[in-house]
Amino acid sequence: MIASSRVGQHKSATWPISDERAYGICESRAEPSADDRGDRIVLDHLQIVKGRNDVLIAADGQEYVDLIAGFGALLLGHCREPIVERVRRQLDDVWLTGRLNVPVIAEARDLVESQIGSPYRLVQFCSGGAEAIEFAIRIAAVTSGRKAFVGFSGSMHGKSVAASALCWGRQFVELQNLCTLPFVSTDPEAAILAQLEQRLASNAVAAVFLELIQGTSGAHEASPAFYREVGELCREHGTLCIVDEMLTGFYRSGSLSYSREIGLSPDILVFGKALGNGFPAAAVLCRDGIEITKAMLPGSTYSDNPLAAAAVAASLAEMTRLDVMSRTAVIHRTAVERLAPLREHGIAIRGRGALWVLELPHGASTLQVQKTALSANVLVSVHGQYVRLLPPATISRENLQYALGAVGDACLGSLDG
Ligand SMILES: Cc1ncc(COP(=O)(O)O)c(C=O)c1O
């Protein structure tokens, strides 16, 4: 942990129901972006040459506490030695086999399955979230024999054409039979459930996609009862329930799996990000009874990749060794303590574990917050009115306190200007 002391010195369409437009749904929403243009404007000049745990180091020697953490993927921080070592060994052994058996893939699969537990089987490692979500779409379509899908406004499932069109991105291709329902950021839960029930009553919906805590869109979340009701409605109508835990899973939001924590048992679970601690890896898990067939088009050039599997195996071992769950609990407590006072100033605070979003009132500039935080040597990502904080679980207490203080001050400063 090289930088704690040094950083601390800086100052601070065609849908079976004909009246879709009347319900104001099934339309494109504001685009949640994993690499917002705003970030690029403020952070473009940085030349990052090294990462060490919770700190990024620029070419000019400046060190920054990293609350972007590879859009949340680096739960164990940059270049954690046991993970580096394991990937390095795999580099010497074999990189890619075209999905032939390699022991490290079986090892990583066993580790994921033993942690997530029954009734789930890992059916494929993918090279990223969008690829995993697209595979989940194909699994649901073939399993159910249906072709319609439902997502919720503001959810992020990736930037591939179908994954983005589920929730926000219809600007590229007109995809029929994808429906975006409103979410709790705008509508009451009961009204959303009524709309969902109406959609599902057509018995044409293959799957409903959920992002339980909308990490790219304000960390909005519905109640556990709402999610369990969605699961129940899906079961009643022969629709698969698919939960995207790319960001929340493997302790980012505090627990191994937020859906498991709240007693939701989806048919398909998607994990990633923390799973490989920044090495491109995602995993699709299906409940027993869902069989993978050729018609689902499993696999891709880089799926079931031995290097990614090595990163996954080492990351999961490190999560256990470091007791990551208790670390995210400390981050949670510290964030609540340090950020809660901002509420008095009209700033909304939402999040769990090591996933926090500050929503500034209209008129305040998140780009200014990003700029001010940068000048205090703290990196945050912003989107619209949201400032997102995704510290590694391994962040030092000193850097966490410092960075939260700096971001809080930056937010307060933005209210004046
Ligand atoms: C919840 C969630 N699902 C899916 C994705 C897409 O993953 P990828 O960027 O690896 O395609 C993201 C990316 O931010 C995400 O946050």
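**Strand β5 and its two parallel neighbours.** Strand β5 and strand β6 (residues 178-181) run parallel and are paired over four bridges; two strands count as paired if DSSP finds at least two bridges between them. This is a predicted model, in which local features need pLDDT of at least 70 and side-chain atom pairs count only at pLDDT 80 or more, while totals for chains, interfaces and linings use all residues. Residues are numbered from 1 along each chain as its sequence is written. Strands (E, at least two residues) and helices (H or I, at least four) are DSSP runs numbered from the N terminus. T180 in β6 is the bridge partner of G151. Strand β7 (residues 205-210) is also parallel to β5, joined by three bridges, and A207 in β7 stands opposite F149. Five of the five residues of β5 (residues 148-152) are buried, meaning that 20 or more other C-beta atoms, placed from the backbone, lie within 10 Å of the residue's own. The cover extends to both faces: A148, V150 and F152 are buried on one side, F149 and G151 on the other.

**S217 in the loop between β8 and β9.** S217 is found between β8 (213-214) and β9 (220-221). The residue is buried, as 27 other C-beta atoms lie within 10 Å. H383 is 166 residues away from S217 along the chain, yet their C-alpha atoms are separated by 8.0 Å.

**The antiparallel sheet containing β16.** Four strands form an open sheet in the order β13-β14-β17-β16, with antiparallel pairing. β13 (348-352) and β16 (381-383) are the edge strands; each has a single partner strand, so one side of each has no neighbour in the sheet. On average, neighbouring strands of this sheet are turned by 20° against each other, direction ignored. Strands β14 (residues 355-359) and β17 (residues 386-389) are joined by four bridges, and E359 has Y386 in β17 as its bridge partner. Helix α13 (residues 366-375) lies across β16 and β17 and runs at about 175° to β16. Such angles run from 0 to 180 degrees between N-to-C directions, the axes being lines fitted to C-alpha atoms, for helices over the stretch in contact.

**The mixed sheet β1-β2-β3-β15.** Four strands in this order form an open sheet of mixed pairing. The edges are β1 (48-52) and β15 (378-379), each with a single partner strand, so one side of each is left without a neighbour in the sheet. β1 pairs with strand β2 (residues 55-58) in the antiparallel sense over four bridges. V55 in β2 is the bridge partner of R52.

**Helix α12 against helix α14.** The axes of α12 (residues 324-339) and α14 (residues 397-416) come within 10 Å and cross at roughly 35°. From α12, I331, T334, A335, R338 and L339 meet L400, Q401, L404, G405 and G408 of α14, contact being C-beta atoms, placed from the backbone, within 7 Å.

The 16 residues of α11 (residues 306-321) should span 22 Å at 1.5 Å a residue, and the end C-alpha atoms are 22 Å apart, which agrees; the expected span is 1.5 Å times one less than the number of residues. Of the 16 residues in α11, 13 are buried, so the helix is mostly covered. D323, which follows α11, has a positive phi, near 50°.

Methods. Contact = placed C-beta atoms within 7 Å. Buried ≥ 20, exposed ≤ 12 C-beta atoms within 10 Å, placed from the backbone.
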